[in-house]
Amino acid sequence: MRPRTAVWRALGALVGLAMACVTAATGGAPGFLEHGLYDAAVSRWLPGVPTSADLVLVEVDDRTLATLGERWPLSRATWARAFRALAAQRPAAVAVDVVFDQPGPRDALDLGEEVLEALQDSGLAAQPAGAALVSRLEARLHAQDGDARLAEALSEGSGVILGAAALTGDVPVMAPLEDGAPGAPLALPLPVEALRLQAPAVAGSIAPLRMAARGSGTLNMLVDDDGVIRRYPYAVNVGGRAWPSLALATALHLMPERASSLLAMAALDQGAPLMRLPAPDWLPRVSLADVLTAEPGSVGLDLALRGKTLFVGVTATGLHGQSTLPGQVAVPGVEIHAFALDNLRAGRLLRSSGVVALTGVLETAVVLLAFALLCRRARSLRAVLGLALLLAVLHGVLVGWLAADPGWVVPLVPAWVGLALMLLVDAAARGEELGRQRSALRRLFSRYPQATS
């Protein structure tokens, strides 16, 4: 081959290698041309998350709203009943995909407290009838104080983890917490500035509820430009300190003895590794209506909830958002938190940055260099095409094995693009050489026509 052909072949290889470098520099695979392939791989080809044995989704579904005769959001009194009913089943933990960031209605309470204060100031409370009236009024006020009843119900539970929201640009307007973030900061084995999710502040439940619960965790998701969620942020940088997601906060509560290993896994891929996806029916579901209407001592409810980790959230039509996962649509956010916890505790996280990204760049370079060396020795275009197909298949098999076994997601498309460009250059060069040979033969035959007789 002429030197010009070698230069063009090298440029084709550099295009593929540059794509791999850009993918590594922008957070790792999948790159901008690989989203469809990645989505098909994790939703169809890679082993899915096994059916859960100890995670249960307690859902506020359409039947719950119809049974209660309420609209979303539910009243604090209803939530108090729900958490008391759940606590009676002795679950291992209750993770709540809800933020109680505003106090409950207090108009009636304020009026009642004014009446109570007037009774006490008037001296009627010193008389038997007045004392009885004050006692009844205090009991009614306590019963109507939804926040107080909810705080009591939360404190009765074995471990309730409330939701919080890191105030990023895609979060609805919420007031940041005035007394700091909702818990103790994490000791992650990486600088918090390196986390993929950054936020200036966080919004959480009101102070009485946070104090009654065992902890809080952020509910934020990372949505790619095409609207699909491929990574789960286990930690978020809020004002220079790392705070856990709902899944991580629940895992730390359930397995304090594994705190170091859980934090190390949560820090992979800058705190937001890629997710392995479950089957659509992997998570057992219990309607909150069944929890609230079940008879005391219900055997079925006991078998479904006792000792399990419960994820509570809304799944009613039109209320749980449109969280889109690879190969799935309209997945409730509470379910994403549930299998993020399952991925974390089982170590089924997919990595694509750091050492994995460097490995992807080196593997792409090796594939393209091998083709450049081998195709120079090939004597026909068919042989060159066979070499390109062989290397492309081997590259695809290696990438698939890395994702399925060690959980390393390396770039797939850059090596294929480089091989295709190099193949085109080689085919064009061989076609040009063949054309020159044919022209030379024609000139030879036209110069010596008698040789053809």
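The model is predicted, so local features require pLDDT of at least 70 and side-chain atom pairs count only at pLDDT 80 or more, whereas totals for chains, interfaces and linings use all residues. Residues are numbered from 1 along each chain as its sequence is written, and side-chain values use heavy atoms, with hydrogens and water left out.

Values for the whole chain are collected below.

| Property | Value |
|---|---|
| Buried residues (under 20% relative accessible area, 1.4 Å probe, protein chains only) | 49% of the 453 residues |
| Contacts (heavy atoms within 4.5 Å) with a separation of 6 or more that join residues 24 or more positions apart | 81% |
| Accessible surface (Shrake-Rupley method, 1.4 Å probe) | about 22,000 Å², 61% of this from carbon and sulfur atoms |

The secondary structure comprises 17 helices and 14 strands, taken as DSSP runs of at least four residues (H or I) and at least two residues (E) respectively, numbered from the N terminus.

An open sheet of 3 strands with mixed pairing has the order E4-E9-E10. Strands E4 (198–199) and E10 (241–244) stand at its edges, and because each has a single partner strand, one side of each lacks a neighbour in the sheet. E4 pairs with E9 (residues 235–238) in the parallel sense over 2 bridges, where pairing requires at least two DSSP bridges; Ala199 stands opposite Val238 in E9.

Leu14 lies in helix H1 (residues 3–25) and is partly exposed, with a relative accessible area of 49%, the partly exposed class lying between under 20% (buried) and over 50% (exposed). Together with Val7, Trp8 and Leu11, Leu14 makes a nonpolar surface patch of about 410 Å²; patch residues have over 30% relative accessible area and no salt bridge, and nonpolar side chains (Val, Leu, Ile, Met, Phe, Trp, Tyr) are joined within 5 Å, like charges within 9 Å. A salt bridge here is a side-chain nitrogen of Lys or Arg within 4 Å of a carboxyl oxygen of Asp or Glu.
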